[in-house]
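Subject: Structure for your files

Dear colleague,

Please find the structure below. My notes on the findings follow it.

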Amino acid sequence: WGKNKWGGLGQDFEDDEDPEEDQFKARIVKELMNQPIVEISAGYQHCTCTSFGGRTFAWGRNNFGQLGLGKEAFDAGYVGKPTEIKWRPGSEKVIRLSSGYNHCVCLIQITRPNKVNEITAFAWGCPDDSRLGSCDHRMHFTPQEVHGLTTIVRKNHWTFKDVKCGGAHTLVLEKFNGLVVAWGQGRYGQLGYGHVWDRADPVM
C-alpha cells in the first residue's frame with residue numbers, strides 16, 4: 001500500500017486501474033505469494049525482502065542501481081515486480097538485508113575458495129557520502145564486497161549478525177560483544193565515533 005510511482009508497491013494492476021494511483025489498502029504482492037518472507041526493508045522508492053530459504057528480491061525505482069539487479073535493470077529506471085537478486089549458489093548465504101535511501105547493504109555468509117566461512121557485508125546502489133563503505137566510489141548495479149568490514153572480521157575474529165541502513169549510512173552489529181560498526185555519511189554525527197566526517201572505512 002502507499003504510493004506506487006516507479007513500481008514501489010511491486011503490484012499487478014488491472015487494465016482499468018492507474019498503476020501510479022496511491023493505494024490506501026493493503027494488497028497482496030502476487031509475485032511473492034509462494035515465498036515465505038522473513039524480512040522486508042523499504043528505501044525511499046524501492047523495497048527489498050528475504051525469504052525463509054535465503055532468496056532476496058527487490059523492486060521499485062532503480063535510478064542508482066539500488067535494486068542490485070545489474071546494468072540492464074538500471075537502464076530501465078525501475079522494476080515493477082519483485083525480482084530476485086542473484087548470489088553464487090553454495091558459496092553465498094544471506095543473513096540480513098537492509099535498504100537505505102537509495103542504496104542497500106546485505107550481510108552474507110560467504111565460503112572462500114580455501115573453504116573458510118566468513119560473514120561480511122555486500123553493498124550496492126548510490127556511492128555518495130561513502131555509503132557503500134570501502135567499495136570504490138562508483139555507482140554499483142550489483143552487490144560488491146565491503147572489504148573494510150572483511151578486514152575487521154579477520155583481524156578480530158568477529159561474527160556480525162545484523163545490519164541496518166539509514167538514509168546514507170550503515171550500522172552492523174557484532175553477535176557476541178554487542179559492538180556496532182558504522183560507515184557512510186557522518187555529517188550529523190550518525191556514525192557515533194566522535195566526529196562528523198563521512199567514512200568509507202568502517203569505524204567503531
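There are 6 aromatic pairs in the structure (rings of Phe, Tyr and Trp, the last by its six-membered ring, pair if their centres lie within 6.5 Å; planes under 30 degrees apart count as stacked, over 60 as edge-to-face and the rest as tilted). This is a predicted model, in which local features need pLDDT of at least 70 and side-chain atom pairs count only at pLDDT 80 or more, while totals for chains, interfaces and linings use all residues. Residues are numbered from 1 along each chain as its sequence is written, and side-chain values use heavy atoms, with hydrogens and water left out.

One of the pairs is Trp87 with Phe122, edge-to-face, at 5.9 Å centre to centre and 90° between the planes. Trp87 sits in the loop between β4 and β5 (92–99) and Phe122 in strand β7 (residues 117–125), so this pair ties together parts 35 residues apart in sequence. Strands here are DSSP runs (E, at least two residues) and helices likewise (H or I, at least four), numbered from the N terminus. Trp87 also pairs edge-to-face with Trp124, at 6.1 Å centre to centre and 65° between the planes. Because Trp124 is in strand β7 and Trp87 in the β4–β5 loop, that pair joins parts 37 residues apart in sequence. Trp87 and Phe122 are both buried, and so is Trp124 (buried is under 20% relative accessible area, exposed over 50%, partly exposed in between, with a 1.4 Å probe and protein chains only).

Next, the sheet. It is open, with 4 strands in the order β1-β2-β3-β4 and antiparallel pairing (two strands pair if DSSP finds at least two bridges between them). β1 and β4 (78–85) are at the edges with a single partner strand each, so one side of each has no neighbour in the sheet. β3 (residues 56–61) and β4 pair in the antiparallel sense over 5 bridges, and Ala58 stands opposite Thr83 in β4.

The lining has 13 residues, and Trp1, Leu9, Val29, Ile40 and Trp59 lie nearest the centre of the pocket. β1 (37–42) and β2 (46–51) are the elements that give two or more residues to this lining.

Regards

Notes:
On a 1 Å grid over the protein atoms alone, a cavity is a set of points where a 1.4 Å probe fits but cannot get out, and a pocket is an open set with protein on both sides within 12 Å along at least five of seven lines; lining residues have an atom within 4 Å of a point.
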